[in-house]
Amino acid sequence: MKKFDELDPLLHSQLRLAVMSVLVTQKEAEFSFIKETTEATAGNLSASVTKLKDAGYLDVEKKFKDNYPLTICRITARGVQAFEQYVQNLKAYLEPK
Amino acid sequence: MENIEQLSGSESLKLIETMIKRAKTRATGDGTYFLLWGYLVLAASLIHLAGIRLGHEEAGSFAWGILMTFGGIYSAIKNRADERKQKSTSYIDYFMKYLWIAFGAAIGLILLICLLQAPKVTYPMILVLYGIGTFVSGGALEFKPLIWGGIFCWIMAVVATMVSFENQLMVLAISVVGSYIIPGHLLQNLLSREKV
């Protein structure tokens, strides 16, 4: 049986896991969409997105829309793989042997 | 949501499920296009049929040109406005966009080819295409009334081959009620309940 501490520590956090869960269903999403869906504060979300981006799990694009700054996030192939592995490991951990 | 580090296994799975469901609900459209095109095709078919029966076929067929052009312009404007407001693009949205572009192109080609070469199979062929559009959309959205609507269109496509060209218009009208209008209203009701 897998040990609990073998779960990816980057994803084993409420907000970062929520962000990845949202983005795994979307081709891309604005920062505000992720914030509304996860009901996180801007500061906490920004910190989580930065950690996930630094790990290569997310791509973050900054641009302008109607003269306002806009941040768009996309999950990377590496991020999808990490998320799928996390879910598999979690299920293996929860399944009784 | 706080950035709490400690999560139990089952809490993690529950969180994943909740976020995925919330993201899908927020990102999905509202069935407007099914209703728009359903009512436009219904109106055009019935006006055309009335035109034929009253001896004014040209006036009746003119309705197709006006209503379909209106639908195309309205859809293009609404789509552009929706894309500007949209804060995310789901994989389903992306897939549906290309599905309906292909559908539009195919309808155009069928009208061009069939009306000139074999007018009597035009409406059956269009019903086959309608069936593909609604069946595939229903599958992608996991919404059974659209899937059934698609199957209903295919059945009506066969029925259309057994009736006169004039009565094919009635078959077309009935088909869009069953495959676009009813499922469109059901989808709109469902999505407005989920978004509350």
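A residue is called buried when its relative accessible area is under 20%, exposed when that area is over 50%, and partly exposed in between. The model examined here is a predicted one.

**Exercise 1. Describe chain B as a whole.**

Step 1. Chain B holds seven helices and one strand. In sequence order these elements give the pattern α-α-α-β-α-α-α-α.

Step 2. The C-alpha trace of chain B spans about 75 × 30 × 30 Å along its principal axes.

Step 3. Chain B has 196 residues, and 38% of them count as buried. For contacts in chain B between residues at least 6 apart in sequence, 69% link residues at least 24 apart.

**Exercise 2. Characterise the interface of chain A and chain B.**

Step 1. The contact involves 35 residues of chain A and 28 residues of chain B. The area buried between the two chains is about 3000 Å², and carbon and sulfur atoms give 57% of this area.

Step 2. Polar contacts across the interface amount to 10 residue pairs, with both residues at pLDDT 80 or more. On the side of chain A that touches chain B, the elements giving two or more residues are α1 (14–23), β1 (26–30), α2 (31–38), α3 (42–54) and α4 (77–94) of chain A. The largest share, seven residues, is that of α1(A). By type, the residues on this side of chain A are 15 nonpolar, 12 polar and eight charged.

**Exercise 3. Locate two salt bridges between the chains and classify their residues by accessibility.**

Step 1. One pair is A:Glu36 with B:Lys87, whose closest N and O atoms are 2.7 Å apart. A:Glu36 belongs to helix α2 of chain A, and B:Lys87 to the loop between α3 (57–85) and β1 of chain B. B:Lys87 is partly exposed because its relative accessibility is 30%; A:Glu36, at 34%, is also partly exposed.

Step 2. Another pair is B:Arg22 with A:Glu39, at 3.7 Å between the closest N and O atoms. This pair runs from helix α1 (residues 9–27) of chain B to the loop between α2 and α3 of chain A. B:Arg22 is partly exposed, at 26%, whereas A:Glu39 has 52% and therefore counts as exposed.

**Exercise 4. Follow the surroundings of B:Lys78 inside chain B.**

Step 1. The side chain of B:Lys78 meets that of B:Asp82 in a salt bridge of 2.9 Å, N to O. Both residues lie in helix α3 of chain B, four residues apart, about one turn of the helix.

Step 2. B:Lys78 has a relative accessibility of 18%, so this residue counts as buried; B:Asp82, at 25%, is partly exposed.

Step 3. B:Thr32, in helix α2 (residues 32–53) of chain B, touches B:Lys78 and B:Gln188, leaving aside residues up to four places away in sequence. With a relative accessible area of 16%, B:Thr32 is likewise buried.

Methods:
Residues are numbered from 1 along each chain as its sequence is written. Chains are lettered from A and ligands numbered from 1 in the order in which they are written. This is a predicted model: local features need pLDDT of at least 70, side-chain atom pairs count only at pLDDT 80 or more; totals for chains, interfaces and linings use all residues. Side-chain values use heavy atoms; hydrogens and water are left out. Contact means heavy atoms within 4.5 Å. Buried area is the accessible area (1.4 Å probe) that two parts lose on being put together, summed over both. A polar contact is a pair of N or O atoms within 3.5 Å; within protein, one must be able to donate a hydrogen and the other to accept it, and residues adjacent in sequence count only if both atoms are side-chain atoms. Ala, Val, Leu, Ile, Met, Phe, Trp, Tyr, Cys and Pro count as nonpolar, Asp, Glu, Lys and Arg as charged, and the others, Gly among them, as polar. Buried means under 20% relative accessible area, exposed over 50%, partly exposed in between (1.4 Å probe, protein chains only). A salt bridge is a side-chain nitrogen of Lys or Arg within 4 Å of a carboxyl oxygen of Asp or Glu.
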